[in-house]
Amino acid sequence: MRVLVIGAGIAGLMVARELASRGASVEVADPRGPMGGATGAASGIVTLQLPEPPLSWSVESLDLYESLGVARRLPGILVAPGECIGGLLELRYHGVEAGALSPGEASRLAGLPIEPPNGWGTGYTLEALVDLGGLLSRLTSPPPGPIRPVEADPWRALRDGFDVVVVAAGAWTPMVLGAPASEVAGSALYNCEASSVRLPGGSLEAILYVEHDGESAYAVPEAPGRAIVGDGPNRILGEPGEAAPEPGTPYEVLEELARVSPVFEESYPTSSWAAPCMITGDGLPAVGEWVEGVYVFAGLDGYGLMAAPALARLLADAITRGRPLPASLDPHRRARPWSGEGPPPEPWRTCGS
Ligand SMILES: Cc1cc2nc3c(=O)[nH]c(=O)nc-3n(C[C@H](O)[C@H](O)[C@H](O)COP(=O)(O)OP(=O)(O)OC[C@H]3O[C@@H](n4cnc5c(N)ncnc54)[C@H](O)[C@@H]3O)c2cc1C
């Protein structure tokens, strides 16, 4: 079976790897080279502080990253309203280490003083950091097949003799398919952004999260003394060219965070990264057949590193063994009220967001 994978981000590279391991002859096309899209901008966090799905995808993806030797497990310290800390206990039903933590213990693990305000608490979950440079080299040396620096077109590829084309072009997917974004599982394009702020010292041995009114900030050991402020109001929904709502600035977010914990009082923004992302109408990815011979693997929003490896296995099984994919991921579905069957819409929200 000759397969062309369009896009060499985490989705494309992972499905190419899975297909090659099942005996397919795979080629990958990407004018920006491997990980030149949103994947190259990612922070590398694999969180298990999630509802189901995507929790099981995240757990399976973490196993795979560990087998490739590119993941490091760390305690994720959560500073959040009390009900959020209580909610962490649910993760134990899924076999994920999680629970409450005293502020003293949280401060020791994070290497920073943490003083939660009244009604707030501290807790922990298991988290992991993926080394993106290591991942790139594990996925490309040797590559699953030739990776060509070209823009590809699925219809032309079918005429050129490919049996199957997988469109894993991230936010470019609707354009590659020649469909409006809203036609691909009711999706929209947006700017996936995170801002980096400097923290006043500290030697972090944990991923530190602070949740606040829909905003979150996290600090990671790979960048000691820095925190990454989440994407809440920085989200720019809509089609390219459409007037976008005014994004919140990292300064505004920091002001809020400083009210929550003195850790953030002296922080200031140092940089920000953004990359185009695609979100579907119900928050689940779009994975499945578009037309005969052409598959879609996109809509991973801000959690592609967590979901892509597990979903790549499902997709490769569907392509090579005819195993059906969950209807809830069908790229032709539209944004619609939840019928009560399958996973509920917007399952990605964590407490506070
Ligand atoms: C700042 C930031 C931080 C993030 N942090 C995390 C994190 O910590 N954990 C996490 O799980 N997720 C994170 N994410 C989200 C994650 O990066 C994305 O969900 C994921 O990278 C999407 O992968 P993808 O392969 O679908 O898309 P992309 O990585 O964007 O890949 C798509 C590729 O398709 C190529 N392409 C487009 N058109 C064509 C064409 N015609 N022919 C060939 N190729 C084409 C593009 O060049 C691109 O390389 C973050 C994102 C951002 C922006």
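Q: Where is the kink in helix 10 centred?
A: In this predicted model, helix 10 bends by about 25°, and the kink is centred on Ala-310.

Q: What span should the 18 residues of helix 10 have, and how far apart are its end C-alpha atoms?
A: Counting 1.5 Å a residue, helix 10, which covers residues 304-321, should span 26 Å. Its end C-alpha atoms lie 24 Å apart, which agrees with that expectation.

Q: How many of the residues of helix 10 are buried?
A: Of its 18 residues, 14 are buried, so helix 10 is largely enclosed by the rest of the structure. Just after this helix comes Gly-322, with a positive phi of about 70°.

Q: How is the packing of two helices described?
A: Two packed helices are described by the angle between their axes together with the distance between those axes. Here, helix 3 (residues 55-67) packs with helix 10 at an angle of about 85°, and the axes are 7 Å apart. That angle makes helix 3 roughly perpendicular to helix 10.

Q: Which residues meet where helix 3 packs with helix 10?
A: From helix 3 come Trp-57, Ser-58, Glu-60, Ser-61 and Leu-64. They meet Met-306, Ala-307, Pro-309, Ala-310 and Leu-311 of helix 10. The residues of this contact divide into seven nonpolar, two polar and one charged.

Q: Is Ser-56 buried, exposed or partly exposed?
A: Ser-56, a residue of helix 3, counts as partly exposed because it has 13 C-beta neighbours inside 10 Å.

Q: Where is Gly-12 found, and which residues is it in contact with?
A: Gly-12 is found in helix 1 (residues 10-21). It counts as buried, with 31 C-beta neighbours inside 10 Å. Leaving aside neighbours within four places in sequence, Gly-12 is in contact with Val-5, Ile-6, Gly-7, Val-28 and Ala-168. The C-alpha atoms of Gly-12 and Phe-297 are 7.8 Å apart, while the two residues are 285 residues apart along the chain.

Q: What is the phi of Ala-185, and where is this residue placed?
A: Ala-185 has a phi near 50°, a positive value in a residue other than glycine. Its place is in the loop between helix 8 (173-177) and strand 9 (188-198). Ala-185 is buried, with 28 other C-beta atoms within 10 Å.

Q: What is the phi of Asp-301, and is this residue buried or exposed?
A: Asp-301 is not a glycine, yet it has a positive phi of about 50°. It is found in the loop between strand 15 (294-298) and helix 10. With 20 other C-beta atoms within 10 Å, Asp-301 is buried.

Q: Is the peptide bond from Ser-141 to Pro-142 cis or trans?
A: This bond is cis, with omega near 0°. Pro-142 is placed in the loop between helix 6 (132-140) and strand 7 (147-148).

Q: How many helices and strands does the chain have?
A: The secondary structure comes to ten helices and 15 strands. Buried residues make up 49% of the 353 residues in the chain. Among contacts between residues at least 6 apart in sequence, 73% join residues at least 24 apart.

Conventions
Residues are numbered from 1 along each chain as its sequence is written. This is a predicted model: local features need pLDDT of at least 70, side-chain atom pairs count only at pLDDT 80 or more; totals for chains, interfaces and linings use all residues. Helices (H or I, at least four residues) and strands (E, at least two) are DSSP runs, numbered from the N terminus. The expected span of a helix is 1.5 Å times one less than its number of residues. The bend at a residue is the angle between axes fitted to the seven residues ending there and the seven starting there. A residue is buried if 20 or more other C-beta atoms lie within 10 Å of its own, exposed if 12 or fewer, and partly exposed in between; C-beta atoms are placed from the backbone. Axes are lines fitted to C-alpha atoms, for helices over the stretch in contact, and angles run from 0 to 180 degrees between N-to-C directions. Angles under 35 degrees count as roughly parallel, over 145 as roughly antiparallel, 65 to 115 as roughly perpendicular and the rest as oblique. Two residues are in contact if their C-beta atoms, placed from the backbone, lie within 7 Å. Ala, Val, Leu, Ile, Met, Phe, Trp, Tyr, Cys and Pro count as nonpolar, Asp, Glu, Lys and Arg as charged, and the others, Gly among them, as polar.
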